[in-house]
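I opened this model to look up a few things. My entries follow the display.

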Amino acid sequence: MPPSAPASEAPPTDENVSLTVAIVGAGMAGLTAALALAAKGIAVDILERASGLDAVGAGLQLSPNATRILAALGLSEALAPHWVEPDEIRLADGRSLRRVATVPAGRFARNRWDAPYAVVSRADLQRALADAVRAHPLCRLHLGTPVADATPEAIARHTGRHPDLIVGADGVRSNVRATMGLPPARFSGNVAWRLTVPPGRPVPHPFDPTVVTAFLGRNAHLVAYPMGAGGGLNLVAIGSGRAEQADGDIAARDAVSALLNGWNPALRDALKQAEPLGRWPLYEIADGDWHDGTRILIGDAAHAMMPFSAQGTAMAIEDAAALADTLSGTTRLQTALETFVALRKPRIERVRARGAFNRFAYHAAGPLRLGRNLVLSLRPPERLAEDFDWLYAHRLPGA
Ligand SMILES: Cc1cc2nc3c(=O)[nH]c(=O)nc-3n(C[C@H](O)[C@H](O)[C@H](O)COP(=O)(O)OP(=O)(O)OC[C@H]3O[C@@H](n4cnc5c(N)ncnc54)[C@H](O)[C@@H]3O)c2cc1C
């Protein structure tokens with residue numbers, strides 16, 4: 001296929017929005033962006049360094065702001081058999097196991113936020129997205145294609161098509177970001193340990209496979225939720241740790257056990273029945289411009305955040321839809337990119353601030369813990385749900 005004209009020769013104008021876009025990275029951000037752009041009639045090449053798409057990390061919470069977009073992209077039918085809609089999101093004290101707060105989900109979420117609150121295995125989500133991308137005539141997926149130098153010329157050598165725009169969706173260690181001369185991600189001082197109770201095994205008390213539960217403790221928390229319709233339980237423990245594998249020879253189960261020292265013995269016993277998946281040092285990106293006129297960053301490459309409000313993938317999915325909307329408008333490429341950034345940055349910062357608040361509240365100890373438990377237990381579930389309207393009921397302008 002002959003390369004299309006370089007952007008400098010035929011910049012998209014109000015009359016001409018026939019862009020060619022290359023996306024680096026086929027994670028949730030890249031695949032959703034490909035589908036959203038293709039839905040607007042924009043041709044996309046997706047370059048992924050991995051030779052197969054095998055998502056790691058077990059489960060994922062997908063809040064209504066994300067599932068609404070996936071539905072609009074026509075993915076509900078493919079995803080519905082794989083996801084589970086938990087009855088509620090629960091906060092529980094890690095020592096007493098007492099319920100601290102409950103936000104209803106399930107049918108309530110569908111009614112209040114007009115879209116489901118779902119949990120799904122990462123592999124199922126990625127497969128559904130990748131299948132839809134492969135089936136779309138405007139999308140070309142290039143696996144086993146690492147992008148070292150994110151320039152239109154280098155991309156065209158891989159794809160035979162000169163992109164007007166390169167979308168950096170290559171995650172927290174983004175090469176597109178590096179090509180733009182931006183600072184790398186910073187280690188947050190926190191580490192996540194992932195474990196799973198595999199499908200088919202009984203879910204041990206005090207875990208409840210019908211809800212999302214965050215057990216809260218001193219300087220750490222543990223989230224447990226069903227992995228998806230295939231069964232199994234996903235567990236994520238988050239606390240302080242080192243970036244490098246100082247505890248590399250300690251299995252995740254033992255590391256989590258040390259992290260949850262002093263927590264309820266039933267919880268610690270239950271963890272012994274879980275299979276460790278490994279440790280994830282958590283990195284953050286909170287600085288740098290997201291675009292330079294030729295390249296735009298989305299998802300973790302632009303704004304990796306702590307998983308304290310379980311919104312990283314949701315924000316990547318929102319970015320993807322917002323980018324497609326702004327690019328398919330009648331504005332110039334430069335203007336569209338600026339519009340995208342102006343639209344997304346305040347929202348990302350609000351979500352990040354919510355995550356920071358959650359970290360403070362979740363890991364509280366001593367009098368702060370007692371105060372937190374008291375304040376939250378006094379708020380009825382519907383009032384707590386109201387606090388999430390800005391996040392879960394979010395719609396893109398014009399949607
Ligand atoms: C413990 C934990 C729990 C989480 N839980 C949730 C949750 O419940 N809900 C939620 O919404 N979010 C959650 N998140 C956040 C979420 O996982 C991320 O925000 C999300 O996966 C980011 O997607 P992405 O597509 O931007 O990046 P990634 O998923 O990292 O995808 C990047 C892709 O780019 C490819 N790539 C990288 N470099 C190159 C290159 N040079 N050339 C070509 N391809 C390349 C990679 O192989 C990969 O496929 C969690 C995160 C963690 C760590």
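**Ground rules.** I am working with a predicted model, where local features need pLDDT of at least 70, side-chain atom pairs count only at pLDDT 80 or more, and totals for chains, interfaces and linings use all residues. Residues are numbered from 1 along each chain as its sequence is written.

**Whole chain.** I looked up the secondary structure and found 15 helices and 14 strands. These are DSSP runs numbered from the N terminus: helices are H or I with at least four residues, strands are E with at least two. Next I checked the radius of gyration, taken over C-alpha atoms. The chain has 21 Å, which agrees with the value near 21 Å for a compact globule of 399 residues. That rule is 2.2 Å times the number of residues to the power 0.38. The C-alpha trace spans about 65 × 45 × 40 Å along its principal axes. I noted that 48% of the 399 residues count as buried. Buried takes 20 or more other C-beta atoms within 10 Å of the residue's own, exposed 12 or fewer, and partly exposed lies in between, with C-beta atoms placed from the backbone.

**Ligand shell.** I asked which residues surround the ligand. There are 33, and the closest are Gly25, Gly27, Gly171, Gly299 and Gly312. To count, a residue needs its C-beta atom, placed from the backbone, within 6 Å. H11 (312–327) is among the elements that supply at least two shell residues, as are H1 (28–39) and strand E13 (275–284). H11 gives the most, with four. By class, I have 19 nonpolar, 10 polar and four charged residues. Ala, Val, Leu, Ile, Met, Phe, Trp, Tyr, Cys and Pro count as nonpolar, Asp, Glu, Lys and Arg as charged, and the others, Gly among them, as polar.

**H1 against H5.** I then followed H1 to H5 (residues 122–135). Their axes come within 9 Å and cross at roughly 35°. Axes are lines fitted to C-alpha atoms over the stretch in contact, and angles run from 0 to 180 degrees between N-to-C directions. On the H1 side, the contact includes Met28 and Leu31; on the H5 side, it includes Leu125 and Leu129. Contact means C-beta atoms, placed from the backbone, within 7 Å. I found nine nonpolar, two polar and no charged residues there.

**Phe187.** Is Phe187 buried or partly exposed? It counts as partly exposed, because it has 15 C-beta neighbours inside 10 Å. Phe187 sits in strand E9 (residues 186–197). Leaving aside neighbours within four places in sequence, Phe187 is in contact with Ala243, Pro281 and Tyr283.

Notes. Two residues are in contact if their C-beta atoms, placed from the backbone, lie within 7 Å.
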